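Please examine the sequence and the structure shown below.

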Amino acid sequence: MALKMNLILVKDESAAKRIYCVWSRYVKKLGDFAKPENIDLAVQCLNELITNALHHIPDVITYLSRLRNQSVFNFCAIPQVMAIATLAACYNNQQVFRGVVKIRKGQAVTLMMDATNMPAVKAIIYQYMEE
């Protein structure tokens with residue numbers, strides 16, 4: 001899921017080719033998303049890509065639930081909850097096409113501190129899914 005989040009946010013042509021099958025249904029060239037008249041199409045495409053990435057959440061939960069070493073769990077869980085928070089911030093957000101959308105530093109610190117066990121990770125995922 002974190003990888004898909006990175007693909008969604010990347011703006012170079014080589015990475016865009018990997019998700020061509022989605023964005024090509026909305027515009028002819030990737031650069032067309034930058035045109036103000038295409039902002040609604042751009043957001044629709046963004047939402048489709050994010051929704052597709054969210055389909056991986058059950059696999060993420062399954063994988064994380066099998067980890068027994070706390071350090072390994074933290075190493076794996078933190079990027080996933082950061083990805084979920086970033087996807088939530090990007091969903092239906094026109095600012096993605098005008099600048100940089102990031103989660104706040106305080107929010108990132110809270111996620112890192114809280115994502116230390118499965119119930120907490122599930123709660124974080126559920127929280128952002130509801131936003």
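Along the chain, K35 and F97 are 62 residues apart, while their C-alpha atoms are separated by 9.3 Å.

The side chain of K35 forms a salt bridge with that of D32, with 3.2 Å from N to O; a salt bridge here is a side-chain nitrogen of Lys or Arg within 4 Å of a carboxyl oxygen of Asp or Glu. D32 also belongs to the loop between α3 and α4. D32 counts as buried because its relative accessibility is 10%. With neighbours within four places in sequence left aside, D32 is in contact with V27 and N38, where contact means heavy atoms within 4.5 Å.

## Basis of the model

The model is predicted: local features need pLDDT of at least 70, side-chain atom pairs count only at pLDDT 80 or more, and totals for chains, interfaces and linings use all residues. Residues are numbered from 1 along each chain as its sequence is written, and side-chain values use heavy atoms, with hydrogens and water left out.

## Overall composition

The protein chain contains eight helices and zero strands. Read from the N terminus, its elements follow the order α-α-α-α-α-α-α-α. Helices (H or I, at least four residues) and strands (E, at least two) are DSSP runs, numbered from the N terminus.

Of the 131 residues in the protein chain, 41% are buried. The accessible surface of the chain comes to about 8100 Å², and carbon and sulfur atoms account for 57% of that surface; such areas come from the Shrake-Rupley method with a 1.4 Å probe, and for residues only the protein chains shown count as cover. Among contacts between residues at least 6 apart in sequence, 63% join residues at least 24 apart.

The whole structure holds two salt bridges. Besides the pair already described, R25 forms a salt bridge with E48, and the closest N and O atoms are 2.0 Å apart. This pair links distant parts of the chain, with R25 in the loop between α3 and α4, E48 in helix α4, and 23 residues from one to the other.

E48 is partly exposed, with a relative accessible area of 26%.

## N47 in helix α4

Helix α4 also contains N47. N47 is buried because its relative accessible area is 11%. Although N47 and Y91 are 44 residues apart along the chain, their C-alpha atoms are separated by 5.7 Å. Residues up to four places away in sequence not being counted, N47 touches Y91 and N92.

## Helix α7 and its contact with α8

Two packed helices are described by the angle between their axes and the distance between the axes. For helix α7 (residues 105-114) and helix α8 (residues 118-130), the axes come within 9 Å and cross at roughly 145 degrees. The contact involves Q107, L111 and D114 of α7 together with A120, I124 and Y128 of α8. By class, the residues of this contact are four nonpolar, one polar and one charged. In this scheme, Ala, Val, Leu, Ile, Met, Phe, Trp, Tyr, Cys and Pro count as nonpolar, Asp, Glu, Lys and Arg as charged, and the others, Gly among them, as polar. Axes are lines fitted to C-alpha atoms, for helices over the stretch in contact, with angles from 0 to 180 degrees between N-to-C directions.

A108 is found in helix α7 and counts as buried because its relative accessibility is 11%. A108 touches M82 and I103, residues up to four places away in sequence not being counted. Between A108 and A85, 23 residues apart in sequence, the C-alpha to C-alpha distance is 8.6 Å.

V109 lies in helix α7 as well, and is partly exposed with a relative accessible area of 46%. Together with M112 and M113, V109 forms a nonpolar surface patch with about 300 Å² of accessible area. Patches are made of residues with over 30% relative accessible area and no salt bridge, like charges being joined within 9 Å and nonpolar side chains (Val, Leu, Ile, Met, Phe, Trp, Tyr) within 5 Å.

Definitions and conventions: Buried < 20%, exposed > 50% of the residue type's maximum accessible area, 1.4 Å probe, protein only.
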